[in-house]
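Please read the numbered points below with the structure open beside you.

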Amino acid sequence: MLELVNVSKTFSGADGAVEAVKNVSLKIEKGDIFGIIGLSGAGKSTLVRCLNLLERPTGGKVLFKGVDLTTLSKKELLRTRRSISMIFQGFNLLEQRTALKNVCFPLEIAGVSKSKAKKRAAELLEIVGLSDRAGAYPSQLSGGQKQRVAIARALASDPEVLLCDEATSALDPNTTASILSLLAEINKTMGVTIVVITHEMKVVEQICNKVAVLDNGVVVETGEVREVFVSPKSETARNLILPGAKAAEFSSGGRVIRIVFDGHSSFEPVVSNLSLDCRTAVNILGADTKNIGGKAFGQMLLQLPNDSTASERVLRWLSDRGIPYDEEVKTDA
Amino acid sequence: MLSSGMINELIKGIFETLYMTVTSTAIAYVFGIPMGIVLYITDKNGICRNRPVNMILGFIVNVLRSVPFLILLVAILPFTRLVVGTTIGSTAAIVPLVVAAAPFVARMVESSLKEVSGGLIEAAQSMGASPMQIIMKVLLPEARPSLLVGFAIAITTILGYSAMAGFVGGGGLGAIAINYGYYRYNNRVMLITVLLLVIIVQILQEVGMRVATRTDNRIKN
């Protein structure tokens with residue numbers, strides 16, 4: 001559906017060139033809810049703007065349904081953009097237009113007649129649950145309502161892809177959850193492929209099936225959300241999944257391991273059993289449980305005893321029970 | 001207090017002043033809006049970046065704005081004659097007024113457009129809007145309140161200029177103030193004309209600001 005091939009974007013500024021995106025290749029399939037996660041400054045926003053060429057890549061190809069967008073004429077590009085909608089962190093609604101008129105906007109651009117546009121806009125406001133606010137101006141709407149209008153507006157041109165640039169970052173947790181479930185529903189019922197840019201792991205967990213982890217303009221890890229979550233290979237992914245990992249670096253003493261619970265073991269008292277069976281104490285540095293695709297997944301950072309025989313015993317105990325673990329490499333300062 | 005002839009003079013003056021002001025403002029906007037738009041969109045972060053166009057137009061605007069109005073008035077007399085066939089009277093005054101006001105209006109329009117959030121332009125671009133559609137459907141409507149405030153400032157400024165046009169036979173209240181008040185030491189006439197100008201400025205300014213606020217949908221509650 002949408003594919004980036006070796007895409008790079010370099011900004012030339014006053015103090016030298018900045019490589020915001022470096023040689024990124026990604027494949028987004030039809031029907032995906034694809035998460036692109038990274039810390040601020042990782043190049044996420046630039047990367048997503050390369051997908052609809054709001055930023056023209058300085059290298060590489062952007063393929064939409066097999067067509068390289070960078071080779072299109074201006075006119076063809078404008079037409080193609082109607083199939084790739086976008087919503088934003090700041091909503092970007094026209095402040096002087098009502099909710100209904102905002103949703104009409106992309107239809108006006110596409111040359112749809114006024115009465116047809118109005119009818120379609122009303123239907124879309126219905127879908128996002130805002131029919132009763134059709135005549136309200138953005139200043140009269142809450143953040144969540146504004147984003148719903150923005151979603152309705154983005155859907156007006158019957159897009160095949162919806163790009164969400166930190167669409168929930170300005171919203172409170174409850175509103176975030178409701179916006180995310182609206183997006184998931186749109187993906188399911190309307191078959192719209194969704195690309196979600198975020199710095200929050202919980203956004204990825206809640207709706208994405210695939211994820212790419214972006215660090216410093218480079219994709220350091222990509223795959224199914226479950227895979228990446230259970231065995232994160234990159235430092236960035238580990239930090240995003242369980243931010244407690246940093247604490248491990250500063251703890252003195254024994255080795256630190258990260259254990260991952262799958263759907264079954266998270267309901268067993270693993271640590272208690274471990275302590276009882278191995279007759280040793282472990283220090284819990286951090287823990288978190290998440291619901292991914294309806295299954296509970298837990299992560300825990302454990303500090304093993306200083307005694308090497310005891311710690312070996314713990315590791316053997318975990319292997320015997322098929323509980324995966326990774327040793328956290330301490331970067332000594 | 002005043003002779004009926006004087007009162008008639010003043011009434012005629014008011015109409016001449018309004019005629020000059022309104023007509024010049026309207027024509028200044030006809031030129032100023034496109035100029036302001038071009039200045040904005042060809043700027044280095046604009047939607048149609050074009051450094052040469054931006055620099056040349058910016059230079060012309062700055063030059064015209066830095067020439068004192070009275071000098072401009074006299075300097076372009078041949079041009080005025082070419083356009084309206086005469087250099088005296090209210091209609092003749094409109095030419096230098098437009099030449100002086102259009103660059104001013106262009107800068108006002110440019111600064112109003114700059115207030116429109118870049119995110120809105122980006123959103124429109126992401127929907128496949130052409131530059132023309134962005135100008136007509138995003139920039140101008142979203143900048144409307146600020147454009148109206150600018151309009152109130154522009155029309156009152158042009159009113160002030162129009163009084164100066166009285167010096168070179170431009171007619172209007174300015175001419176009355178100079179001919180009766182200044183040259184004939186008639187302080188009463190001088191005061192009355194000034195007072196009338198103050199009242200007209202107040203009305204224009206107040207109406208402009210009110211319309212701007214009333215029609216701004218960002219402050220509806």
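**Notes on the two chains**

1. A:E108 has a relative accessible area of 14%, so it counts as buried; buried means under 20% relative accessible area, exposed over 50%, and partly exposed in between, with a 1.4 Å probe and protein chains only. This is a predicted model, in which local features need pLDDT of at least 70 and side-chain atom pairs count only at pLDDT 80 or more, while totals for chains, interfaces and linings use all residues. Residues are numbered from 1 along each chain as its sequence is written, chains are lettered from A and ligands numbered from 1 in the order in which they are written, and side-chain values use heavy atoms, with hydrogens and water left out.

2. Which residue of chain A does the side chain of A:R97 meet in a salt bridge? The partner is A:E108, at 2.9 Å from N to O. A salt bridge here is a side-chain nitrogen of Lys or Arg within 4 Å of a carboxyl oxygen of Asp or Glu. A:R97 lies in the loop between β6 (84-88) and α3 (99-109) of chain A and A:E108 in helix α3, so the pair ties together parts that are eleven residues apart in sequence. Helices (H or I, at least four residues) and strands (E, at least two) are DSSP runs, numbered from the N terminus. At 15% relative accessibility, A:R97 also counts as buried.

3. A:E108 takes part in a second salt bridge, this one to B:K137 in the other chain, with N and O 2.8 Å apart. Across the interface of chain B and chain A the rule finds two salt bridges. On the side of chain B that touches chain A, the elements giving two or more residues are α6 (118-126) and α7 of chain B.

4. The size of an interface is often given as the accessible area lost when the parts come together. Between chain B and chain A the buried area is about 2100 Å², and carbon and sulfur atoms give 56% of that; this is the accessible area (1.4 Å probe) that the two parts lose on being put together, summed over both. In residues, 26 of chain B are in contact with 23 of chain A, where contact means heavy atoms within 4.5 Å.

5. B:N217 is found in the segment after α9 of chain B. Is B:N217 buried or exposed? With a relative accessible area of 5%, B:N217 is buried. Leaving aside neighbours within four places in sequence, its contacts are A:E95, A:Q96, A:Y137, A:S139 and B:R144.

6. Over all chains, the whole structure holds 19 salt bridges. One of them joins the side chains of A:E55 and A:K9, at 3.6 Å from N to O. A:E55 lies in the loop between α1 (44-51) and β4 (59-64) of chain A and A:K9 in strand β1 (residues 2-13), so the pair ties together parts that are 46 residues apart in sequence.

7. Another salt bridge stays within one helix. B:E206 pairs with B:R210, the closest N and O atoms being 3.4 Å apart. Both residues lie in helix α9 (residues 187-214) of chain B, four residues apart, which is about one turn of the helix. B:E206 is partly exposed, with a relative accessible area of 39%. Elsewhere, salt bridges that share partners join A:K119, A:R120, A:E123 and A:D158 into one network.

8. Three aromatic pairs are counted over all chains. Rings of Phe, Tyr and Trp (its six-membered ring) pair if their centres lie within 6.5 Å; planes under 30 degrees apart count as stacked, over 60 as edge-to-face and the rest as tilted. The rings of B:Y29 and B:F151 have centres 5.3 Å apart and planes at 55°, so this pair is tilted. The pair links distant parts of chain B, 122 residues apart: B:Y29 is in helix α1 (residues 4-41) and B:F151 in helix α7 (residues 131-165). B:Y29 is buried at 11% relative accessibility, and B:F151 is partly exposed at 33%.

9. A:F91 is worth a look in the backbone. This residue has a positive phi of about 65° although it is not a glycine. A:F91 lies in the loop between β6 and α3 of chain A, and at 11% relative accessibility it counts as buried.
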